[in-house]
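Trainee: I have a structure open on my screen and would like to learn how to read it. Could you go through some features with me?

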Amino acid sequence: MSIFLTGKSQRLIIATFFLFYSSLLTAQTVAIQLKPSETAPIIDKNIYGHFAEHLGTCIYGGFYVGEKSTLVPHTEGVRNDVIAALKKLKVPNLRWPGGCFADTYHWKDGVGPKEKRPTIVNQWWGGVTEDNSFGTHDFLNLCETIGAEPYLAGNIGSGTVQELADWVQYVNFGGVSPMSNWRKENGREKPWSVRYWGVGNEAWGCGGNMTPEYYANEYRKYATFMADWNNSSKIFRIASGANSGDLNWTEVLMKNIPLQMLEGIALHHYAVVNWSKKGSSLDFTEDDYAANMRVTLKMEELIREHSKIMDKYDPNKKVALVVDEWGAWYDPLPGSNPGFLQQQNTLRDAMVAGVTLNIFNNHADRVRMANLAQTINVLQAVILTDKEKMLLTPTFHVMEMYNVHKDAKLIPVQFSSPKFIKGKDTLDAVSVSASMDKNGKTHISIVNIDPSKKHLLQLELGSGKKMVSGRILTSAKLQDHNSFDQPEKLKPQSFKEAKLNGNQLSVQAPPASVIVLELQ
């Protein structure tokens, strides 16, 4: 049987098709309520921390080019362009020297005259030989220069209690002692007063393949001898925490470590879909993107579940949950040393960063510190370098946009998100967090992860707001990124699609976008 359509019928079908297709791209209205509360927590600035491991070209070639470099302008061997960028980013804390490297690192090999320092083979990352020219003084002086608090990861895998106790004394004790005298001989009179200390790293894996019961006892032993040499800056000891969803690890540590010996417990979670085939950082499909966002959004569940266990043993929330490794992890770039973990940073990574930081903000009652992996040239880096060249990634720009939330009072938000549906994944398309700073300005960060649909957000604000301004980071394709040929392809732009009408704020959130608004 044949069906013949008139010209009028054909036009009607075509018009109907285009109306249907355009409806897939048009905004869905999302009602969002801001619910200020006197009991809401302060968003600790340390949630926006970073991580610098001896891995690939993060330290050597990234941060540090050496004091004899003539190709790259530097201050005591540290790149000046990196210093300027990290000052702009207002890095609150910086974790070093690892990572897995930390439990092979012996800090005494990295102090004293550089020409006399022994070498070390980086057994975890690429098997390269390092000369220990970047050590404790270099790192702590760098932190002072950029205004960041240092977070030192101690070696309990291949080190000793004495070695870690000596490190604490070396950097923190102002009186007369063997370690403080040695520090002064090495050119530093005043102690650095380092507050944040990791007691090992990934003790369940590269830090010693320990059981949680064994590690809890090791932690207690090491923590006992980490004396508080500087009473004005109490030491903040962070236990090596769980791998992603290992709730038993958190349970055993919280049960077996006395609260007076514990200030923080770590959690590591990477946005990896398949550890045996992580996928390309540049050549990926929308299905790949959706799967990656699924494991990114899992951070919400992980924080809730680990916090629930912590609440059982610590209802007053004395102990911080410290997510000191997070971010996207893909296969290394083709042609690179596979042990260097080099990857590009696209608009997809901006989505990962924005969503994750919103989750941290909204759980600021328990999450009080976090560290993106890693700062330069490794994993979800905020900076990429190549000899004298340097660029800022989309992830850098998101974290700089979110600076406004640091040490601000959380404003809880309530809404029902529309869904981003792709293949087997049905995900919340919209992510929001909000805060009020000490000057009374309200800041709202919005992420629309849907790469095809824009969303109209209607926010109930309360009274007193007369002006709105904002910035947006977005691009035409998820794969778009900054390169050394186009270092500013993605950067924040002024955002004009937020309209204030009395107590209502209307926001048009474009597909795949990160927006930060300021209301006053």
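Trainee: Let me start with Ala512: is it buried or exposed?

Mentor: Keep in mind that this is a predicted model. Ala512 has a relative accessible area of 4%, and buried means under 20%, so Ala512 is buried. You will find Ala512 in the loop between strand E26 (504–509) and E27.

Trainee: What is the phi of Ala512?

Mentor: The general idea comes first. Most residues other than glycine have a negative phi, and most peptide bonds are trans. Ala512 is not a glycine, yet its phi is positive, near 45°. Asp407 is another non-glycine residue with a positive phi, about 60°. Asp407 sits in the loop between H10 and E16, and because its relative accessibility is 44%, Asp407 counts as partly exposed.

Trainee: And where are the cis peptide bonds?

Mentor: One joins Gly98 and Gly99, with omega about 10°; Gly99 belongs to the loop between E5 and strand E6 (120–121). Another joins Ala373 and Gln374, with omega about -15°. Gln374 is in the loop between E13 and strand E14 (383–386).

Trainee: Now the sheets, please. In what order do the six strands of the open sheet lie?

Mentor: Strands of a sheet pair through backbone hydrogen bonds, either parallel or antiparallel. Here the order is E16-E20-E21-E27-E23-E24, with antiparallel pairing. Strand E16 (409–411) and strand E24 (493–494) are the edges, each pairing on one side only. Inside this sheet, strand E23 (residues 468–474) and strand E27 (residues 513–519) share seven bridges in the antiparallel sense. Look for Leu473, which stands opposite Val514 in E27.

Trainee: Which strands does H9 touch when it packs on that sheet?

Mentor: H9 touches E16, strand E20 (430–436), strand E21 (442–448), E23 and E27, and its direction makes about 50° with that of E20. H10 lies across E23 and E27, and runs at about 165° to E23.

Trainee: How do I describe two helices that pack together?

Mentor: Two packed helices are described by the angle between their axes and the distance between the axes. For helix H9 (residues 347–362) and helix H10 (residues 394–401), the axes come within 8 Å and cross at roughly 30°. That angle is under 35 degrees, so H9 and H10 are roughly parallel to each other. The crossing is right-handed. On the H9 side the contact includes Leu347 and Leu357, and these helices also meet through Val398 and Met399 of H10. By class, seven nonpolar, two polar and one charged residues make up the contact of H9 with H10.

Trainee: Which strand pairs with E13 in the parallel sense over four bridges?

Mentor: That is strand E12 (residues 320–328), where Val323 stands opposite Ala370 in E13. E2 also runs parallel to E13, joined to it by three bridges, and Phe51 has Ala373 as its bridge partner in E13. Strand E13 (residues 367–373) is mostly covered, with six of its seven residues buried.

Trainee: Why does His50 count as buried?

Mentor: Its relative accessibility is 1%, so His50 counts as buried. His50 is in strand E2 (residues 49–51). Leaving aside neighbours within four places in sequence, the contacts of His50 include Leu89, Ala370 and Met399.

How values were computed: Residues are numbered from 1 along each chain as its sequence is written. This is a predicted model: local features need pLDDT of at least 70, side-chain atom pairs count only at pLDDT 80 or more; totals for chains, interfaces and linings use all residues. Side-chain values use heavy atoms; hydrogens and water are left out. Axes are lines fitted to C-alpha atoms, for helices over the stretch in contact, and angles run from 0 to 180 degrees between N-to-C directions. Helices (H or I, at least four residues) and strands (E, at least two) are DSSP runs, numbered from the N terminus. Angles under 35 degrees count as roughly parallel, over 145 as roughly antiparallel, 65 to 115 as roughly perpendicular and the rest as oblique. A crossing is left-handed if the near helix is turned anticlockwise from the far one by less than a right angle, and right-handed if clockwise. Contact means heavy atoms within 4.5 Å. Ala, Val, Leu, Ile, Met, Phe, Trp, Tyr, Cys and Pro count as nonpolar, Asp, Glu, Lys and Arg as charged, and the others, Gly among them, as polar. Two strands pair if DSSP finds at least two bridges between them. Buried means under 20% relative accessible area, exposed over 50%, partly exposed in between (1.4 Å probe, protein chains only).
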